[in-house]
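Below are a few exercises to work through on screen, each with its solution.

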Amino acid sequence: MDLRELDQSFVDQRIKGMPGGLTPLTLDAIGAQGWNLLREDLPLPVAVLRQSAVAANRHWMQAFLRHSGAVIAPHGKTTMSPQLFDAQLADGAWAITVATVHQVQVARAYGVKRVILANQLVGRQAIRYVLAELARDPGFDFYCLVDSVAGAAQLAEAASMARLDRPLQLLLEGGYRGGRTGCRDLVSALAVARAVAAAPALALRGVEGFEGLFPGSADAKATAVSSFLDFLVEIAVAVEREGLFAEGPLLLSAGGSAFYDMVAARFARAGLTREVRVVTRSGCYLTHDSGLYAHAFDDLVRRSPELARLNAGPEAALEVWAYVQSRPEPEKVLLTMGKRDISYDEMPVALRWFRPGGASGRAPTPLEPGHVVTGLNDQHCHMTVPANSQLAVGDMVAFGISHPCLTFDKWRVIPVVDDAYDVVGAIRTFF
């Protein structure tokens with residue numbers, strides 16, 4: 001990837017989380033400013049990435065991939081940060097996954113060579129852009145999903161008119177009743193596969209699905225995921241039996257950050273006669289979190305206890321810091337962050353506090369139980385606290401997030417900090 005233009009892009013006080021009056025400086029100069037979060041060199045609220053936790057999470061996923069034999073095409077929509085894409089590719093990622101054509105455009109702008117669009121490619125502008133990129137760059141390796149005969153026909157017509165020297169590569173998407181996109185049964189899946197195989201401008205390269213949205217308890221979800229993965233394998237076996245796949249390794253892919261252990265294990269024993277490449281697409285592993293994916297990882301280890309022996313598990317790397325701005329009642333504080341700053345599909349988790357000037361020590365202190373976020377407005381955080389809580393106006397509080405995707409999208413620039421909260425760099429996002 002070529003990040004030179006990004007590194008030299010300018011940052012100033014218009015960027016949330018940057019100091020007021022900041023003389024414009026380049027992104028790659030942020031780490032040389034000598035800023036420290038705890039010294040209040042940054043205005044709050046601010047989202048930060050803990051460098052050591054990101055490194056631990058990278059090592060965790062590399063160990064999992066060695067153990068499972070799968071490859072990863074991490075979902076770029078989680079971070080939409082080219083610098084983090086670059087780190088993931090340096091770790092050996094097979095591709096970068098995206099969800100929209102805008103995200104394809106960002107990945108391509110910084111030189112990502114292999115992209116999976118884990119979605120249907122639909123609409124004149126979207127199809128035009130992808131086909132133009134394929135024509136412009138012979139090294140661009142692109143895959144997208146198809147789940148209908150109508151969709152296959154539209155892509156076949158557009159690809160044929162584009163007169164590419166290679167076919168548009170598709171993954172047949174399996175789905176389930178009440179879920180998102182994807183063929184609901186084997187009959188419809190085979191109909192789509194036959195339509196793709198009959199179109200010279202298209203190539204069917206594998207089978208795909210998304211397993212992350214089943215409702216219910218952890219055990220109920222795992223049972224449903226197991227059945228769904230069996231269905232995806234059933235599709236692949238039937239399509240292979242009819243000879244509808246294009247030449248080359250078959251891709252079997254499912255993509256979430258909660259069940260990648262089950263995905264890798266089931267696809268590894270798919271029983272196909274052709275070479276199979278198992279592609280997992282977890283994106284949230286890189287930063288993990290303090291809620292949704294922390295619980296999901298606990299469930300993963302219960303399902304697959306051997307994974308606990310690989311190395312230390314993932315750590316929450318993304319934090320949002322805010323000030324206590326009011327304590328109007330003994331058991332209630334208000335803080336300077338809200339829905340504009342942090343994800344809220346699950347409430348943030350209060351982790352640590354720090355009092356500028358040293359009353360809480362030289363490092364943040366863990367918050368005792370009873371400090372619970374009860375609600376968020378646009379710019380306010382409501383938190384219940386014990387009556388004897390030490391928190392006072394002006395104190396700094398670190399919050400763990402739940403669901404990284406919906407925190408990253410609220411920040412254009414995110415400082416990277418070391419374990420002393422010195423700012424050592426920054427990443428840029430493109431949402």
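The exercises here use a predicted model and go from a sheet to a helix to some aromatic rings.

**Exercise 1. Work out which strands stand at the edges of the open eight-stranded sheet.**

Step 1: Write down the strand order, which is 4-11-10-9-8-7-6-5, with parallel pairing.

Step 2: Look at the two ends of that order. Strand 4 (71–72) and strand 5 (96–98) each have a single partner strand, so one side of each is left without a neighbour in the sheet.

Step 3: Now see what packs on the sheet. Helix 9 (residues 260–268) does, touching strand 10 (250–254) and strand 11 (276–280). The direction of helix 9 makes about 175° with that of strand 11.

**Exercise 2. Find how strand 8 and strand 9 pair, and what stands opposite Gln169.**

Step 1: Take residues 168–173 for strand 8 and 202–209 for strand 9; they pair in the parallel sense over six bridges.

**Exercise 3. Check the span of helix 6 (residues 149–162), then sort out its buried and exposed residues.**

Step 1: Helix 6 has 14 residues, and at 1.5 Å a residue it should span 20 Å. Its end C-alpha atoms are 20 Å apart, so that agrees.

Step 2: List the buried residues of helix 6: Ala152, Leu155, Ala156 and Ala159. They cover an arc of only 105° around the axis, so they sit on the same side of helix 6.

Step 3: Turn to the face pointing away from that buried side, and you get the exposed residues Glu157 and Met161.

Step 4: Ask what covers the buried residues. The cover includes helix 5 (124–136), strand 7 (141–146), strand 8, helix 7 (186–197) and strand 9.

Step 5: Arg163 follows helix 6 and has a positive phi, near 55°.

**Exercise 4. Classify the aromatic pair Tyr176 and Phe228, and say what it ties together.**

Step 1: The ring centres are 5.4 Å apart and the planes are at 75°. Edge-to-face needs over 60 degrees, so this pair is edge-to-face.

Step 2: Tyr176 lies in the loop between strand 8 and helix 7, and Phe228 in helix 8 (residues 218–241), so the pair ties together parts 52 residues apart in sequence.

Step 3: Check burial, with the cut-off at under 20%. Tyr176 has 14% relative accessibility, so it counts as buried; Phe228, at 4%, counts as buried too.

How values were computed
Residues are numbered from 1 along each chain as its sequence is written. This is a predicted model: local features need pLDDT of at least 70, side-chain atom pairs count only at pLDDT 80 or more; totals for chains, interfaces and linings use all residues. Side-chain values use heavy atoms; hydrogens and water are left out. Two strands pair if DSSP finds at least two bridges between them. Helices (H or I, at least four residues) and strands (E, at least two) are DSSP runs, numbered from the N terminus. Contact means heavy atoms within 4.5 Å. Axes are lines fitted to C-alpha atoms, for helices over the stretch in contact, and angles run from 0 to 180 degrees between N-to-C directions. The expected span of a helix is 1.5 Å times one less than its number of residues. Buried means under 20% relative accessible area, exposed over 50%, partly exposed in between (1.4 Å probe, protein chains only). The arc is that of the directions from the helix axis to the C-beta atoms. Rings of Phe, Tyr and Trp (its six-membered ring) pair if their centres lie within 6.5 Å; planes under 30 degrees apart count as stacked, over 60 as edge-to-face and the rest as tilted.
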